[in-house]
Each structure stands twice: as C-alpha cells, then as structure tokens.
Amino acid sequence: MSQSTTVIIGASHAGTQLALSLRQGGWTGRIVLIGDEPVSPYQRPPLSKSILSGAKSPEQIPIRPGSVLEHAGIELMLGRRVETIDRENKTLTMDDGSTLAYDKLALTLGAYPATIPLTGVDKHGVCYLRNLADVEQIRPHMGEGKSAVIVGGGYIGLEAGSILRQTGMRVTVLEALSRVLQRVTAPVVSTFYERLHDEEGVRIVTASLVTAIQGDKRVERVFCADGSEFDADLVIIAVGVLPNTELAERAGLDVEDGILVDEFARTSDPDILAAGDCTRHYNPIYRRRVRLESVQNAIDQAKTAASTLNGNLQPYHALPWFWSDQYDVKLQIAGLSQGYDNIVLRGNPEVGRSFAVFYFKGDHLLAVDAINRPGEFMVGKKLLLQGAAVDKARLSDESIPTKQLLEN
C-alpha cells in the first residue's frame, strides 16, 4: 500500500471526504485529488444561499481548510480535467496530454445542470447555478429594482428566487409543471411554498413552458408558449441536474442514470470506485436502486469507498436526508417519498410557517418533510431507521409531545 497511488477525480464533497477518510483509515500511499475548478474544494449548498446573497465570501466556505489536506498529504491538482481512463494500463490522460498512473481510482464527478434548447439561451445574463463561477456570472445582473426570471420551480430555483427577492429584485419563477416541487413533494407542500413566495413578493407561474429568451446583446425578456412574456435583467435556468457519467461511459463502466456501484461503492471495475451525485446504488431501506443529489449521500458514500480501498468492507446503507433554506423557513427531509399513497399532517400548513408531512405507502412510513419542525425531522429519521409500525393517529395529534411519538 505504501507504494500504491489512489487518484480521485472530482474535488467536491465526496472527493474531499474520500481523500481524508482514506488517509485516516490507514492508506499510506499517494493520494491525488483532481478538480476541474481552479479553486480549493468548497461547500456547494451555500451557493444558492449565503454566497449568492453576498453574506459570505468563497473563502468562508471551504470543505476543509487547506492545511488539513496538506497535513494529510493529499496532492491537489486543481483546474485540471481528465479526458480518458485507460483501464487496462491504469493510466489517465489529462487535458494537457500528460498521463497519470493509478493503482486505485475513485470517481466523484458530481452532476451538471440540465439545459433546455431555447432560442436566446446564449444571451448575456442567462445563467445557471452550480459552481462559484456561475455565481460570479450572476452577480453583475443583480440589483434592487431589477427583474429576475427563474426557469424551474425546484429547490435550487426557489432558493435562488428567495435570495434575489431579499436583495430587492423583482422575481418571477416559471414552472413547466402544474405545481412547484411536483416531483419531490405532496401537493400540500407545493401549495405552502407557493404561498410562502407569494407572501414574500415572488410571482410564481405554473404550467408555464418557456419557449424563447430575447434581447439585443443581453437578455431583456422571456416568452412562454401561452403568449405571456416577462421582463428580465437576469435569467437563471434551474431545471435540475444530470449525473456526470461521460468519463465513466467512455471507459466502459456500467452506467444507468448514474455510475452503477455496489454496496461497497465498487463499480464494474474492481479497481475503480465511485461516490456521490454521479452514482446509482441499491438502497436496502427502500429495496431499490436510487441516485441521490445530497451532501449527506456524497459524504457517507465516500466514507464507504475509503473503507473499501483500505480493505475494510462496510456496506453503505444510510438513510437519505436533505434540507432547503428559503427566507425564514428551513425544510428538512428524511427519507424518499416517491411511491407514497397517503400522508399524515402534523400542524396546519395553511397557517403560519411550521408543520410536518409524513409520507406513507399503506401503513409503511417512507419519508417526512419537516418545515421549521426539527423535532419531527429527528423523530422521522428514527422511525424510518427502526422500520417499526407507526400509529398515524398519534403522529397527527399535536397534544402528544414529539419525543413521545417514539414510545410504543
């Protein structure tokens, strides 16, 4: 091991965690962490929150201080791209034509923003929001009294909309489906977020299909299929992300809406592992393959990959959880709600800004959305991990303290 080299491609949450956990777990060989951005690894969630608002600077959101990586003996290759993987000879070809040999390889490639084929999408002022460079592209178009159009009513779009509104911009969110967050939440949660943004002065237009972006040299307005149009100094396209699998596909690894990995984060090549947003894995809690876009999954799966590389097989079976901050509302999600057929409410979603939704399939608990309800979030996580039967009547009864919901 002392003479072996592990190369990690992708220097975000999963890649950084994998490198550190690999060293902490006893790897004595060389560890090389390659990132295509020219900056040290940084946290992604603040991009649509405190970084976009200017409340924090990029220097305030490192995943780990540079001294920690240096102390661990991790070599950083920043602003570099891997073009090809030669599995037979275990070498990587870099963007400058140079090669790098590996004994073990880890792919933590993340995801990239989905695009939509629109006329005018190349106009100045049309942006995405996935990395620091995107934020820097957005900033010059921000300003009090200016108009912003967000294309997409998912979490990133709504978070960006909330920040832009708080800076004094006029904000419109255009969602192609019949409600915001339609793919990931129950209608009652969508209705709440539409009310929340309306109360804060954001205009949300659902069932609105964007067809063109127009302007001279820069964006000026957005057109929709129903003939409506919206003024815009800034357009942010936030219609989801796709797993970054191209490098793996070219290398001949098994890919199916993500790089396929087993419970030990191994790909179809035993010397190549993968972790984070770019992967698809079997989740034993939900008994199906899933692809997750979350910091929790990136970090936990990276730890599993590091253990595997160190010869300590520890299967990955973490419960997925997520969060979203908008205005004074923190949404915490435990579990995966897809496939639910009934819900239980705790609190009133029509009044105020605090309630929880428990998702069930029959009598089996799948997930919880906790809106300004950290207690329900923690209880939901424990109930999901226990897998025990849940009394729905007690769950909805707010006269019963949250902690007592765990008692039989």
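1. Let's start with helix α5 (residues 155-166): its 12 residues should span 16 Å at 1.5 Å a residue, and the end C-alpha atoms sit 17 Å apart, which agrees. The expected span here is 1.5 Å times one less than the number of residues. Helices are DSSP runs of H or I with at least four residues, strands are runs of E with at least two, and both are numbered from the N terminus.

2. Before going on, keep in mind that this is a predicted model, where local features need pLDDT of at least 70, side-chain atom pairs count only at pLDDT 80 or more, and totals for chains, interfaces and linings use all residues. Residues are numbered from 1 along each chain as its sequence is written, and side-chain values use heavy atoms, with hydrogens and water left out.

3. Back to α5: its buried residues (under 20% relative accessible area, with a 1.4 Å probe and protein chains only) are Gly157, Leu158, Glu159, Ala160, Gly161, Ser162, Ile163 and Leu164. Just past the helix, glycine 168 takes a positive phi of about 100°.

4. Now have a look at α1 (residues 13-24). Its 12 residues should span 16 Å, and its end C-alpha atoms are 16 Å apart, which agrees. Since 10 of the 12 residues are buried, α1 is largely enclosed by the rest of the structure. The buried ones run from His13, Ala14, Gly15, Thr16 and Gln17 to Leu18, Ala19, Leu20, Ser21 and Leu22.

5. Next, a sheet. Three strands form an open sheet in the order β13-β14-β15, with antiparallel pairing; strands pair if DSSP finds at least two bridges between them. β13 (210-214) and β15 (229-231) are at the edges with a single partner strand each, so one side of each has no neighbour in the sheet. From one strand to the next, the twist averages 20°. β13 pairs with β14 (residues 221-224) over four bridges, and isoleucine 213 has valine 222 in β14 as its bridge partner.

6. Finally, the second largest pocket holds about 340 Å³ of space. Here a volume is the space filled by probe spheres set on the grid points, which are joined across faces, edges and corners. A pocket is an open set of points on a 1 Å grid over the protein atoms alone, where a 1.4 Å probe fits, with protein on both sides within 12 Å along at least five of seven lines; lining residues have an atom within 4 Å of a point. Of the 19 lining residues, Ile285, Tyr286, His364, Leu365 and Gly387 are closest to the centre. The largest share of the lining, four residues, comes from α9.

Methods. Axes fitted to C-alpha atoms, helices over the stretch in contact; angles between N-to-C directions. Buried < 20%, exposed > 50% of the residue type's maximum accessible area, 1.4 Å probe, protein only.
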